Amino acid sequence: MITAVGFLLRLLTAYAVVSVLGERFFPLLLRTIYFLSVVSILLYFIGIMMPSFMRVIHEILSLAPNLFIIDFGEYQGVLRANLLIYTFSIDRLTQNHGFMWEPTAFAAILLFAMMINFLLNRFRLDRKFLIFFTALITTFSTTGYICFSIVILFYILNSRIEKKLYIIFLVIDR
């Protein structure tokens, strides 16, 4: 439960971080999300190819939850462990949780990162976008997929391909 004081402290902390970093905030945030996305993709594919290995890691982490596990929550009766860089959820190995507690939350962060990346890079598709997109696909989040259409629309409306796609849609419409 979050108290009013706790909420105010969170807001003040966010304000202080943005104030100290200034214009460096968004590039640093983007690099951090990019790094965590690469880690999540690697661990996701390890989990898909070797699910028993992920179960062993989960069991090892379960032995000392106070030392290693930041969040030891329960989802539908199955425990999950979060080490800040990746959430080990042995019952949902087919979905990439990334560093978030839930695949949809991870998808939301990835979509935000895509938008920031577009704004900082003048709407160019680059390696960061491909990593964010790959991580988004591995979440298997329906909400993430639907919201991705908004990101694509944002990209189309702000990129140089706008006129080309408009002509294509006009031709398809007739």
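Student: Which cut-off makes a residue buried in this predicted model?
Tutor: The test is relative accessible area. Exposed residues are over 50%, and partly exposed ones fall in between. Buried means under 20%.

Student: Where on helix 7 are the buried residues?
Tutor: Gly144, Phe148, Val151, Tyr155 and Ile156 are buried in helix 7. Thr142, Ile146 and Ile150 are exposed on the other side.

Student: What distance separates the end C-alpha atoms of helix 7?
Tutor: Helix 7 has 17 residues. At 1.5 Å a residue, they should span 24 Å. The model agrees, with the end C-alpha atoms apart by 25 Å.

Student: Is Phe123 buried or exposed?
Tutor: The cut-off for buried is under 20%. Phe123 has a relative accessible area of 15%, so Phe123 is buried.

Student: What kind of ring pair do Phe123 and Phe154 form?
Tutor: Phe123 sits in the loop between helix 5 and helix 6, and Phe154 in helix 7, 31 residues apart. Their ring centres are 5.4 Å apart. Planes under 30 degrees apart count as stacked and over 60 as edge-to-face. Here the angle is 55 degrees, so the pair is tilted.

Technical notes
Residues numbered from 1 in each chain as written. Predicted model: local features only at pLDDT ≥ 70, side-chain atom pairs only at ≥ 80, totals over all residues. Heavy atoms only, no water. Helix = DSSP H or I, 4+ residues; strand = E, 2+ residues; numbered from the N terminus. Expected span 1.5 Å × (residues − 1). Buried < 20%, exposed > 50% of the residue type's maximum accessible area, 1.4 Å probe, protein only. Phe/Tyr/Trp six-rings, centres within 6.5 Å; stacked < 30°, edge-to-face > 60°.
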